Amino acid sequence: MTVGPPEHAIVGGGAQRSHTADDLASAIDGRVIGDGGAAVSAIVPLDRAGPSDIAFLARAEYAPLLAASRAGIVIVSPELAETPGTPRARIVVAKPYEALLELIPRFHAPPGRQPGIDPQARIGHGVLLGRDAAVGPGTVIGDGARIGDRVTIGAHVAIGPGVEIGHDTLLHPHVTLYPGTSLGRRVIVHAGVRLGSDGFGYVWRDGEHRKIPHVGRCIIADDVEIGANSTIDRGSIDDTVIGAGTKIDNLVHVGHNVRIGRLCLLMAQVGIAGSARLEDGSIVAGQAGIGGHVTIGAGARIGGQAGVFGDVPPGESWSGYPARPHKESLRAHAALFRLAPLMRRLEQLLGRESR
């Protein structure tokens with residue numbers, strides 16, 4: 001027997017609180033069409049929502065789903081406000097995605113944290129542990145580490161000697177912080193992340209690859225988030241630095257001595273080779289590769305699966321392999337697709353001449 005998802009979930013052991021359309025609209029500066037007293041207790045995708053759920057419609061390609069949806073309330077953009085459907089109420093808001101920042105916490109409270117040190121944790125000598133810190137089972141904190149106030153450390157985290165962690169930082173389970181790593185305030189590090197491991201640096205000598213010792217630091221500034229199973233190397237003799245507010249997706253690799261500026265976005269499976277520079281506000285889409293010693297200018301955008309071997313000017317969009325300005329890359333691909341029919345015509349002409 002197949003059992004589907006429950007229409008009303010229980011979060012954190014207690015029933016969810018109901019919210020009316022009028023209350024939610026007031027919170028997100030929206031306009032209600034329909035029954036302002038319609039109440040909902042969960043936020044659910046449009047195709048699975050029931051009468052006690054609120055759903056979300058911000059893109060035209062999903063508009064057909066609204067006609068069949070049973071959602072009690074739907075958040076819509078002004079352009080989609082008249083989309084056919086039968087919710088009890090619609091909340092029209094100019095920026096639906098931004099509205100989610102306010103709405104989701106109302107329906108999904110963050111999991112509670114219990115300050116204190118689990119008996120199965122191991123704390124080294126000279127560790128400074130801030131107020132209300134929480135340390136999970138199986139965690140090991142090396143000698144001389146400095147842990148800020150209200151830091152949450154999940155299960156089986158390894159924190160090397162001398163590591164510094166700023167206030168209100170969250171380390172999910174199975175994170176490893178090598179010696180020489182420093183985290184700022186309000187950093188979020190997801191499961192399986194490795195920070196401060198040695199970079200890939202060798203010198204050919206006496207018939208073998210001799211490892212270059214890595215003694216630089218791995219510095220993560222305030223408000224950075226690092227996705228699951230990503231790795232950031234320490235510097236060789238310089239530092240690897242991730243700027244404030246930068247967000248890194250899952251399965252990203254950042255090599256030694258890389259410097260990433262403020263408010264950058266790195267998406268899944270991006271690889272950045274040693275000593276590259278990403279200036280403030282740059283965006284690198286999934287599976288792109290950045291060569292060593294390359295500079296990506298401020299506000300530049302790198303397309304998915306691009307291979308970047310040279311500097312990218314500030315504010316430009318580049319894509320392709322090798323990466324080039326996006327419009328130029330599109331023209332090159334279009335020319336390549338036209339090549340096969342031209343080759344067939346050429347072969348036909350050569351075949352006629354040979355007869």
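Let's start at a loop: His293 sits between strand 35 (289-290) and strand 36 (295-296), where strands are DSSP runs of E with at least two residues, numbered from the N terminus. Before going on, note that this is a predicted model, in which local features need pLDDT of at least 70, side-chain atom pairs count only at pLDDT 80 or more, and totals for chains, interfaces and linings use all residues. Residues are numbered from 1 along each chain as its sequence is written, and side-chain values use heavy atoms, with hydrogens and water left out.

Back to His293. Its phi is near 65°, a positive value in a residue other than glycine. His293 is also exposed, with a relative accessible area of 63%. Here exposed means over 50% relative accessible area, buried means under 20%, and partly exposed is in between, using a 1.4 Å probe and protein chains only.

Another loop, between strand 39 (317-319) and strand 40 (324-325), holds Pro322. The peptide bond leading from Tyr321 into Pro322 is cis, with omega near -5°.

Now for the strands themselves. Strands of a sheet pair through backbone hydrogen bonds, either parallel or antiparallel. Two strands count as paired if DSSP finds at least two bridges between them. In this model, 10 strands form an open sheet with parallel pairing, in the order 9-12-15-18-21-26-29-32-35-38. Its edge strands are strand 9 (122-123) and strand 38, each of which pairs on one side only. Within the sheet, strand 32 (residues 271-272) pairs with strand 35 in the parallel sense over two bridges, and Gly271 has Gly289 of strand 35 as its bridge partner.

Strand 7 (residues 89-92) is worth a look as well. Ala89 and Ile91 point one way and Arg90 and Val92 the other way, and all are buried. Strand 7 pairs with strand 2 (residues 31-34) in the antiparallel sense over four bridges, with Ile91 as the bridge partner of Val32. It also pairs with strand 6 (residues 73-76), this time in the parallel sense over four bridges, and there Arg90 is the bridge partner of Val74.

The side chain of Asp233 does make a polar contact with the side chain of Ser197, at 3.2 Å. A polar contact is a pair of N or O atoms within 3.5 Å; within protein, one must be able to donate a hydrogen and the other to accept it, and residues adjacent in sequence count only if both atoms are side-chain atoms. Leaving aside neighbours within four places in sequence, Asp233 is in contact (heavy atoms within 4.5 Å) with residues including Cys218, His253 and His256.

That brings us to the cysteines. A disulfide is a pair of cysteine sulfur atoms within 2.5 Å, and by this rule the count comes to zero. Cys218 is in no disulfide, and the nearest cysteine sulfur, that of Cys264, is 15 Å away. Cys218 is buried, with a relative accessible area of 0%, and Cys264 is buried, with a relative accessible area of 0%.
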